[in-house]
Each structure stands twice: as structure tokens, then as C-alpha cells.
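Open the model in your viewer and keep the sequence panel beside it. This tour tells you what to select next and what is there.

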Amino acid sequence: MAGFSELIKNFDKTREYVRDFFIYGCKVRSDFDKKSVRTYDDEKRRVESWMQDYMRYDDSAKGRHVSISVDSGHISENPLYNAYYSKSFTDNDIKLHFLLIDILQDGRSRTLRELTDTLNSEYEQLFDDQTVRNKLKEYTDEGIVAAEKQGKTMYYSLAALCADDLIKMYRGLDDALKFFSEAPDLGVIGNSIMKAVGIKNDLFHIKHNYMIHSLEDILVPDILAAIDDKCSITVKKFSWKKDDEFSEEEIIPMQILVSVQTGRRYIAAYVPRRRRFVTFRLDRIKQIKRESVCADYDRLRERYDVNIQRCFGVSFGDRHEVGAVSAIKITFTVDERNESFIIDRLEREKRCAVLEKTGEGLYTLTADVFDPNELMHWAKTFIGRIVSIEGGTEKIRRRFYSDIRRMYRMYGGIEDEHIQ
Amino acid sequence: MNIFSEIYGTYFRIAARLLENEVTDEKTVREIVMRDGFRDSVLFLPQKLIPSGEDCGLFRRGVDNMLRRITKKSPVKVLTKLQKMWLKAKLSDPRIRLFLEDDVIEGLMEELADVKPLYRHEHFRLTDRHADHDDYSDEKYIAIFRTALDAVKKRKIVDISFTSAHGKHVSGRFVMLKIEFSPKNGKFRAYCYRLGNDKIKNSGLINIGRIDTITDTGRVFRTPVSMDDYFSSRKCSTPAVIRVTNERNGVERFMLEFAPYEKHTVRDLETGQYTVELWYDEQDETEVLIMLLSFGPVIEILGPEKLREQAKERLMRQYELLWKNEQG
């Protein structure tokens, strides 16, 4: 049996484990029942190694709870980036990496044969042509090596731009890297530049920091490329229950939707099979496979741009995208003289809804959206100020009234029996 | 082209660092692995670097027992295509002007002229960012941001006048410690100490967008500052204690939404309910309270009493509003 390795081949499995440790914070070994005990122990050990000070252990009757506890608003570097820096490799991979860079850094371009000969004669390293060719092809794709055909022969040279030169040359770039490497949207790539040149972020913190998004970033470049190239993709979702089959769906991606308040990110896409726009949570997607170019992309995108204006959050509702929608109206009471900050809050948080003053100390928000239910989580942040809710659906209104009654009782209120 | 590649990996990075010198020794290898590696790397990586029969062949042992690199020069740090595409995308982010002068941006744009940006702004849609986010392209804002950033970097003492959230005009002498950005608010803020007679009076957070003037006093704050102590002093003395039920997928929703907070979770195996202790910055108490209320009856604030009382007071008011209105 092979021993434990710090390095990993498969990022998907790690994503699942880290997410569970990080989000739930109270998983024990038996909770991971769809996995083997060995896998659990290995994944746990890796996570412990990356997270170090942020791991927390609590013993219970069911076993030892392992969790990650981070005040992510006050950290200098997202520790989950470490997962990306753990890819396994072979001895040849690392040797060829440094040898090819060493040979090519004089700026001269060389053929495959010259490179293989140099490796042999100057470095006493025997590599067959195919191994070196494969590595050069890989590095050409990565942009480390530039390949140029002269006649029938391919010449290879090192890409010109070096991270340290760039940072020295362009004033302020180091500070920009420090910020953008922690800010949302693929910060890990910026962090990889900083790590290469030995810079650490000592200036910035990110509040409301959903660090876990960095794990989903593995999918994002492929989604962005598919959007740019107007291609469909097949999304394969994680299985959430023991016997779940992986479900797959072919979709045409339009945009990535980011909720900066709930910690969820989505692909908004047109789903040909369902003939409608749907959103898919990024954290539930395991893999993405690029499919074909969508001939109808521009027309769908136009429809999407219209439809997204009628989403309060990310839901296109249950109706067909052009179906009837009933507007929801929520009226709030505000002490205008002393509570102008509430009006400011409504203004800044209303999104696509319309806010009107409808009476003395009364403000009504009207949202003509596909899924009025999406407002309700937000509306409850105004508990203590909601005068009425109209429109939407009967179910939404009934649930809101029922929730307030339940919460009233929960916090010690005694209900008047006559009120139903 | 994928960021999950060994070329960005910790092991490659450590090897690159060691290959900067023609000669090294086993002790240095272990020290650098300990310093730059993962917790357990010292158990795995040194034997891959130190000639032993199991190593990957980057070093040869000399007669003096020292380790000599097989390469001739120190490795260069070539930017990959992915890194260049990321940089190019960031050059179109309006916040880049907070850090780089226009001519620097132009220079970088030229440098990356043949690189396609990794993404465009319109690829992403922030569904719930507050509408009153900072205007990063405003020249006055940029100038104030840069002065504040410089003050943070050099621990400069600065005189600041700003308008508080309550509309009050405030001015004073401050030392700025760190800059914070909130994607939810779209705002930059500076963590600082307020000084009086050159001594720390209190700690605070100033919105960069609310600063009217910021002037360098020409002096530097030399007292060592522990940011851990600073943040601890701002944290609530007792955590919020929340019972979370799984109604409406409450556990997952709650855990995800509160993921940025430091928390400790215990699960009751009998009821399947979770009890979460949640630590937050005292100044954010109202924000935390309304976030908790938004979960409705799926969660309950068990303590501390002060927080529960605030929830109760809002619920009583809400109940009265709805049913008084309905009866009326």
C-alpha cells in the first residue's frame, strides 16, 4: 500500500473535503460515509497541513470533530490557496522544468534536438526526444516557452516577461498584487505571482470574505472561456448523498452571478433541454466539459440581458422566462426625522426594485421580479419595520406572517388567540 | 492552462529558492522547507532534494559534502500565460487606478498587448452589492486612497478630517494600520488608532470615501502594534450563541452565509440541531443581528442576553405592526 503523500492528483476530492470541514465545522469521520476511512484520514491530514493554526478539534460521543475556524476578515492570505499548490508531479517534471529554464534563459531559441543534446552534453541528463517534446508542448500551452516555426523546424525560446522584472519596473504593481490577490475573482493567480517573487500581503484585509470561493475558482477560467467563445458546456455535479448518481447537464453559460452576502456563486445559463434560463451553484459543480459553439448564442444573450434585470437575486422563477409575474410590494415604516439611515439603506439595497414614499413615514418597495420569494430573506432584515406585504404569491405572504408569529413566540411573545 | 499545476506548487517554489545559490547544504534545505513548505513537507521534500538515491536529481553532493545545483544559473520567474491574462484583466478593473499611475497602466497594457484578459468585467454580476459603493475613479478619492495607503505602509501619523456615518464632522490625528475592502459594501476602510498627545486614545475604522482631507504630519508612529491584539480588542467579549435547525436547508444556508466569521459549532445528535458560537467585531453587531433575523424561525439567538433582547424588541415591534394593521 502506498504511503501518505502531501501532494494530490485530484482537486475535486479535496474541494469536497475542505468545503465540508470549512463550512459545516462539525463533521466527524463517520459523516463522510461515502468515502473510505483511509481517504478521510489522508484528506484530513492534508487540510491540517495547509490550514495549521486554523484547525480546531472537539471531541464528542460520536467522534472527534474537525473544523476550520477562521476569522476571514482579518487574515493576510487565504490559506485555502495552499490546495492549489499541492499538485503532484514526477522527478522528470521538476528536473526538466529547471533545466529547460536554465538552458533557455540566455534568450537564444533552440530546436528540440539542440535542447536534448544540451541536456545530455552539458548537464549529463538523458531524456528521450518524446519526453522533452511533451514538456515543451505543455510549457508552450502554459506560456512559459514560446514556439516558433522556422521553415519546417520548431524553435523554442523562453517567454520574455519575468515577474520580478515587471514588479521592479512598474511602480505600485506590488501593492496592486497584494490587494487583488486577496480580493474576489481568481486571487489565487495573483497570489502565485507574489509567492514566486516572495512578496507577502501586509496591507489589506477583506471583509465579508468568502474564502471558500477560491476552491471553486478551479472551474471559473473554463466557464469564462466558454462564455467568450459562445460555447456550451456540460456541467457534472457532485453527488451529495451516498448513492447519488452524478448528474450532468448541457448548458450555455451567460454570466457568473456572485452573491456577496450569502456566499454563493452561480453560473447563469440557458438550458436547451428545459428551454429556459437556470442558475447552477458553483460549489455543487464538480467538473466542466467544453462542448460545441452555440450558433444561437447572441440571440440567447440578448434575451438573458433582458431577463436578468427581473431577477432580485439569481432565480428566474418557476415560470417560463416570458411568463406573467406578479409584483411584490413591501411597505416599511420609518421615522423620517431620526432614521434617514433606514431610507438610505433601502435605497442602497433595493437592487432592481422601486422605492417610493407612500405616506407619512411610509416607504413602499415594489419589485416586479421573476421570483418574489427571493426578496423575503432580505426583507426579514427589516423586521420591526414591515407594515404590509402585498402581491407576490399567497404562499410567500402566508409564510412571512407565519414566520413572524413563530419568531414572536420564540422570543417570548404571548400571542393573542384571536389573531390568526 | 490551469492554476492547479505543479509549476505554481509549493515544492517547485522551494526548489527554485534553493537553486538560486550554486551551493547549499542539507541544513539550509531543511530550514527552507520548514519555512516555506506545508506543515508536513519536512517529512517528504528534503529527501527529494538531497541526493540520496530517492531524490529527483536537482543537486549533486560534492566532495566537501555540500550540495551543488545541476543548473548553471539562478532560475528566472517567467510569468505564465494564465498569470499574464489575470494581470491584463485586473488592468481593466477600476480599482487598479488606486495603485498605479495612468502611465504605468499604459506601460503594462503595452507589455501585455498580445495577451487576452482572463475575463471581462461583464462576465461577473454581483447580485447584491450595495448601490452606494465607493467611486474608485474619482480623482479626489484616488488621491486620498494613495495617501492613506502610503500612511499604512510607512506607519505615518496623519491628520484626517472626515464625515462620520451619522453625518458628524470629525477631525483628529491618526495612525493608519491596515486597509480593508468589503465586496458587499464596495468600500475601502482604514483600521486606525486615534492619537491624543501622541498616545493611543482609541481604535477606529474610517471609510476612505468619507475622508475630506488627509495630511501627512511628517512623523512616524514607532510604537510596535500587534494586529492580533488590535482585532481582539474590537471583538465581542461574548460570542453570539445561535441554535440552527435544518428546516429549509437552514444549516447549509447559515453555515455558508456566516462562513467569513470565526465560529465554533456543536451538533446535538438527538435533535440534529446545531449550536454555533459566533464571534464578531463589536461595531458590526447590528449587521450581525439583522443577518440573523433574516433566517426567520430557522434559527434562534440564544445569547448573549443583550443580543437576544434586541431581536426580541424588533419582533415585538413587528408583531404589533402587522396585527395592529390587520385588525385596523
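**Stop one: charged pairs in chain A**

Select Lys44(A) and Glu48(A): their side chains meet in a salt bridge, 3.2 Å from N to O. A salt bridge here is a side-chain nitrogen of Lys or Arg within 4 Å of a carboxyl oxygen of Asp or Glu. This is a predicted model, in which local features need pLDDT of at least 70 and side-chain atom pairs pLDDT 80 or more, while totals for chains, interfaces and linings use all residues. Residues are numbered from 1 along each chain as its sequence is written, chains are lettered from A and ligands numbered from 1 in the order in which they are written, and side-chain values use heavy atoms, leaving out hydrogens and water.

Now show helix H2 (residues 37-51) of chain A; Glu48(A) and Lys44(A) are four residues apart in it, so about one helical turn separates them. Helices (H or I, at least four residues) and strands (E, at least two) are DSSP runs, numbered from the N terminus. Both Glu48(A) and Lys44(A) are buried. Buried means under 20% relative accessible area, exposed over 50%, and partly exposed in between (1.4 Å probe, protein chains only).

Next, select Glu216(A) and Arg265(A). Their salt bridge has its closest N and O atoms 3.2 Å apart. Glu216(A) is in helix H9 (residues 213-216) of chain A and Arg265(A) in strand E9 (residues 265-271) of chain A, so the pair ties together parts 49 residues apart in sequence. Glu216(A) is buried at 4% relative accessibility. Arg265(A) is buried too, with a relative accessible area of 4%.

Move to Asp296(A) and Arg299(A). Here the closest N and O atoms of the salt bridge are 2.6 Å apart. Is Asp296(A) buried or partly exposed? At 32% relative accessibility, Asp296(A) counts as partly exposed. Arg299(A) is partly exposed as well, at 43%.

**Stop two: where the chains meet**

Show both chains. In contact (heavy atoms within 4.5 Å) are 135 residues of chain B and 157 residues of chain A. The rule finds 19 salt bridges across this interface. Select Lys116(B) and Asp229(A) for one salt bridge, with its closest N and O atoms 4.0 Å apart. Then color helix H11 (residues 305-327) of chain B, which gives the most to the side of chain B that touches chain A: 15 residues.
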